[in-house]
Amino acid sequence: MFALSFGSDLNHWFLQHQREMPWRKTKDPYKIWVSEVMLQQTQVDTVIPYYLRFCERFPTIEALARAELEEVLALWKGLGYYRRAENLHKGVKKIVRELHGRFPTSLKEIAQIPGIGDYTAGAILSIAFNQPVAAVDGNVMRIMARQFAIDEDIGSTKSKRLFERLVLEHMEGEPSVYNQALMELGALICTPRSPKCSECPVQSTCKAYAQGNTEAYPVKARKEKPVEEVYTALVLKRGEAYYLEKRPENGLLANLWGFPLLDESLYERLCALGQPLNPVRHVFTHKRWRLLPVVVEYTGKNEERLRAILNIEPVKFFAMDDIQRLPIGTAFLKIISQIDR
DNA sequence: AAAGCGGGGAG
DNA sequence: CTCCCAGCTTT
């Protein structure tokens, strides 16, 4: 086989080496959409079981549009970035309401759907409808940065446009194949560390390989270390039920359920009323939580004493069976795992 | 342009 | 530990 060009070499490699994935068995734009949203900032192996459960429960746009957000979030539990689920839910409802349930085929219309940005729009248009548009994700930026020795910070808006242009300039064959080939190459060969250049189908055109400094790309601005926040987590117990509150619509773990998080300074006073559990650590992209859980029985004298400390009026206590069905963030699940035994 | 938003895997 | 991952929305 002659080396023809970047695009065709890439496509040939992909057709021989692509991995099997559930969403590669369909051209249904809805299912491609679900997979792309789940795959935002999330690795393939993590997504697969979530994707299969989700598509079984919500096989169509209509099925998802009929569901309550609460159930959608419950299926998303543990996957993170819960706004994705909320936007997906808003998106299908919008399509049912405004487009008679038909997934739009123009970039202009697709861009109006909540949760679909430049990447996801490009991915759906190219994979489901085979339209020649770019779909630039982290993999693609890494590959192109190495191919062309791009020194621009990949986090900047400017470099994003540059990568889209490079992708389109070198596109060949079926857009569906080409775009997925880029992602697959980034996942299997052109990895962030220790890229497998000896197996790379586009090694001959790679500028960074020629320079011998593939790992110098892509250039990425340094991020701040996440700051730690410490909270007292109130595990209020009444009989065999526990108090959980729904978190605000905006902010961290929005719309999920959890234990009340109180100021660290209340820890000692609450410990005097109940029993501490093991501290829980949880890391987000931009902050770290250290939660100090205290189990307090909501009975008798404690009720009075709690009222003096807090201004919460605990209403909803949940049995453990009900807790399992609620959308709850992993940080709180770590506490629950200590009491559910 | 920058910040906020999860959770897990790899090394 | 650190870095990264099939990013988007809001400010």
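The legends below describe close-up views of a predicted model.

Residues are numbered from 1 along each chain as its sequence is written, and chains are lettered from A and ligands numbered from 1 in the order in which they are written. In this predicted model local features need pLDDT of at least 70, side-chain atom pairs count only at pLDDT 80 or more, and totals for chains, interfaces and linings use all residues, while side-chain values use heavy atoms, with hydrogens and water left out.

**View 1**
Chain A is assigned domain 1 (2–216) and domain 2 (227–339), the bounds coming from an automatic or database domain assignment. Their C-alpha centres lie 37 Å apart. Ten residues from domain 1 and 19 residues from domain 2 take part in the contact, where contact means heavy atoms within 4.5 Å. About 900 Å² is buried between the domains, and carbon and sulfur atoms give 49% of this area; buried area is the accessible area (1.4 Å probe) that two parts lose on being put together, summed over both. On the side of domain 1, Glu-70, Lys-77 and Tyr-82 lose the most area to domain 2, together 55% of what that side buries.

**View 1. Charged pairing across the domain interface.**
One salt bridge is counted between domain 1 and domain 2, the term denoting a side-chain nitrogen of Lys or Arg within 4 Å of a carboxyl oxygen of Asp or Glu. Lys-246 and Glu-70 meet through their side chains in a salt bridge, at 3.8 Å from N to O. On the side of domain 1 that touches domain 2, α5 (69–76) and α6 each supply at least two residues, and α5 gives the most, with four residues. Helices (H or I, at least four residues) and strands (E, at least two) are DSSP runs, numbered from the N terminus.

Lys-90 pairs with Glu-86 in a salt bridge whose closest N and O atoms are 3.8 Å apart. Both residues belong to helix α6 (residues 83–99) and are four residues apart, about one turn of the helix. Lys-90 counts as partly exposed because its relative accessibility is 42%, and Glu-86 counts as buried because its value is 14%. Buried means under 20% relative accessible area, exposed over 50%, and partly exposed in between (1.4 Å probe, protein chains only).

The closest N and O atoms of the salt bridge between Lys-287 and Glu-229 are 3.2 Å apart. This pair links distant parts of the chain, with Lys-287 in strand β8 (residues 287–297) and Glu-229 in strand β1 (residues 227–238), 58 residues apart. A search of the whole structure finds 18 salt bridges.

**View 2. The largest nonpolar core around Phe-54.**
The largest nonpolar core has 67 residues, and Phe-54 is among those with the most contacts inside it. Such a core is a set of buried Ala, Val, Leu, Ile, Met, Phe, Trp, Tyr and Cys residues joined through side-chain atoms within 4.5 Å. Helix α8 (residues 118–129) provides the largest share of this core, seven residues. At least three residues of this core come from each of domain 1 (2–216) and domain 2 (227–339). Not counting residues up to four places away in sequence, Phe-54 touches residues including Tyr-30, Met-38 and Trp-76.
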